[in-house]
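Reader: Hi! Could you walk me through this one?
Author: Happy to, here it is.

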Amino acid sequence: MKTQLHLSVLTAAVASALVLTVQTSMAKESAPNSVSAASAQSDEISGATQKREATSGAFVLTKTPEGKKLLTDMAADFLYTGPSKFDGKEIGGGRNMYSIATSYGNRPENITAELTMDYDPDAGKFVFYGTTAKDSGKILRASKSGTGLSVAWVKQLREDEIKKYGYNYYDSYGVQFDGPVEVITSNSINTGDKAKDLAALKRLEEIMGKSLTTIKEWNLLWQFDPKLTGKELEKAKEQAIRDFMSYEDIYVVNPKKMIIIGYFYRPLMVNPKNAFVYRDYQIDSSKPGFKLESAPGYQKALRDTNCAYTVSKEGRALYPFFDHQYPATSEKNLINRLVAYKNEQVFGSSKPGANAKPLPEALKKIEAMYNGNGKVVSKEEAEKLAKEANGKRQAIYWVDPSKKADMPDHYMITYTGIDSNGKPYIDMQPNWNRYFMLQPNNMCGIATRHSLYW
């Protein structure tokens, strides 16, 4: 049985920017007559996401069937809101506010609209249903534009994070769908062809059953005397549909492309200096009896690494947004599934031991991603190369063999430049990304943004 989901409010500005990707995605995946050809500029813009995917993590979900399934379920989990209730009656889902965008006459158009989204977990596909006032100009233009629609949703920061850190985008989530739009009007059930009219009525009956209208209207419109059965019930449903279609049109968006961004598992820094350096966290491994996990600055370093903090005891308690559909203890929970996927990719097991060794092929990917293909030098050589760079930005990797086993021993110089006094500036950072990637039971190393085509 399909799960019914719906979305929350999206700002018009975001969807207006996202609409630029519509032509490319639709030209690649839709039927030839449904969209127009993409321009070179559209190709260039929409390609940015694929480029980012290739550099944002060692393991990309779209590279495996399991990852693709996890990706669509992730989008569905983002959009899940649970059942709706009104006057004691409950339905699996309802309409909510989206931002949708299209173009007409070579000009962008943006619409804020209430839609119902239906997700088929077996097929990993989404469908959007919407209603609009009869003969609504924008929807009719969108159906004729040749570019289809871009339907978008975002979730901003949690309230407690905004209070503590402001709008730093530490935790934001976004999903964008591009697809052709189909408009269903009263003409669809009054064609003069009895078979076509009957098929259209059956389809509309199925759509109405998904709480296409607002829950209040749905309860008033789509409730029938329990004594009605058979033809009498069908006649009552047909009358309700005809009444509704006399003042409303229905439109259906069948996505052909999805872009999803989930910053919650991204190794992202938010401290003021924006650098993984020990001095920021006051971590001193030279102290007797030193243990990384109990060091004063470790939790802050862990939080800034994010992909590790999310599954820590402290961090997990701050992510109830992902527990609405499945509790934190469930294997179906989104965070738990991402952890299991990372474990499988890196260690060959969804539940590896604390000291698990990475698979040889996985280690190659990690070194290529986080350690310059494993090409390292000594600290002295790294400093010499940085000075010789004479202001040129580059990444230089070096290893400190004196570090304890539970500390990052791989370092990197991520910035070499000229400071305000005209002197060479060097910034050295412990390679936390590599360190946590080689630890089991976190989400480090998974690419954070994806494009998926149907």
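This is a predicted model: local features need pLDDT of at least 70, side-chain atom pairs count only at pLDDT 80 or more; totals for chains, interfaces and linings use all residues.

Reader: Let's start with Asn-343: is Asn-343 buried or exposed?
Author: Asn-343 counts as buried, at 0% relative accessibility. Buried means under 20% relative accessible area, exposed means over 50%, and partly exposed is in between, with a 1.4 Å probe and protein chains only.

Reader: Where does Asn-343 lie, and what does Asn-343 touch?
Author: Asn-343 lies in helix α13. Leaving aside residues up to four places away in sequence, Asn-343 touches Gly-348, Ser-349, Ser-350, Pro-352, Pro-440 and Asn-441. Contact here means heavy atoms within 4.5 Å. Helices (H or I, at least four residues) and strands (E, at least two) are DSSP runs, numbered from the N terminus.

Reader: What about phi of Asp-135?
Author: Phi of Asp-135 is near 60°, which is positive, and the residue is other than glycine. Asp-135 sits in the loop between β6 (125-133) and α5 (137-145), and Asp-135 is exposed, at 54% relative accessible area.

Reader: Switching to helices: which residues of α14 are buried?
Author: In helix α14 (residues 360-370), they are Ala-362, Ile-366, Glu-367 and Tyr-370. They cover an arc of only 135° around the axis, which puts them on the same side of α14. That arc is taken from the directions from the helix axis to the C-beta atoms.

Reader: And what is on the other side of α14?
Author: Pro-360, Glu-361 and Lys-364 are exposed there. The buried residues of α14 pack against α13 (334-347), β12 (396-399) and α16 (432-437). Just after α14, Gly-372 has a positive phi of about 55°.

Reader: How do α7 and α9 cross?
Author: The axes of helix α7 (residues 194-208) and helix α9 (residues 230-245) come within 10 Å and cross at roughly 85°. α7 and α9 are therefore roughly perpendicular to each other. Angles of 65 to 115 degrees count as roughly perpendicular, under 35 as roughly parallel, over 145 as roughly antiparallel and the rest as oblique. Axes are lines fitted to C-alpha atoms, for helices over the stretch in contact, and angles run from 0 to 180 degrees between N-to-C directions.

Reader: Which residues make the contact?
Author: From α7, they include Leu-201, Leu-204 and Met-208. From α9, Ile-241, Arg-242 and Phe-244 are among them.

Reader: Last topic, the largest nonpolar core: which residues touch the most other members?
Author: Of its 65 residues, Phe-78, Ile-100, Val-175, Phe-177 and Met-258 do. Apart from it lies another core, of 20 residues, among them Ile-91, Ile-207, Phe-244 and Ile-250. A nonpolar core is a set of buried Ala, Val, Leu, Ile, Met, Phe, Trp, Tyr and Cys residues joined through side-chain atoms within 4.5 Å.

Methods: Residues are numbered from 1 along each chain as its sequence is written. Side-chain values use heavy atoms; hydrogens and water are left out.
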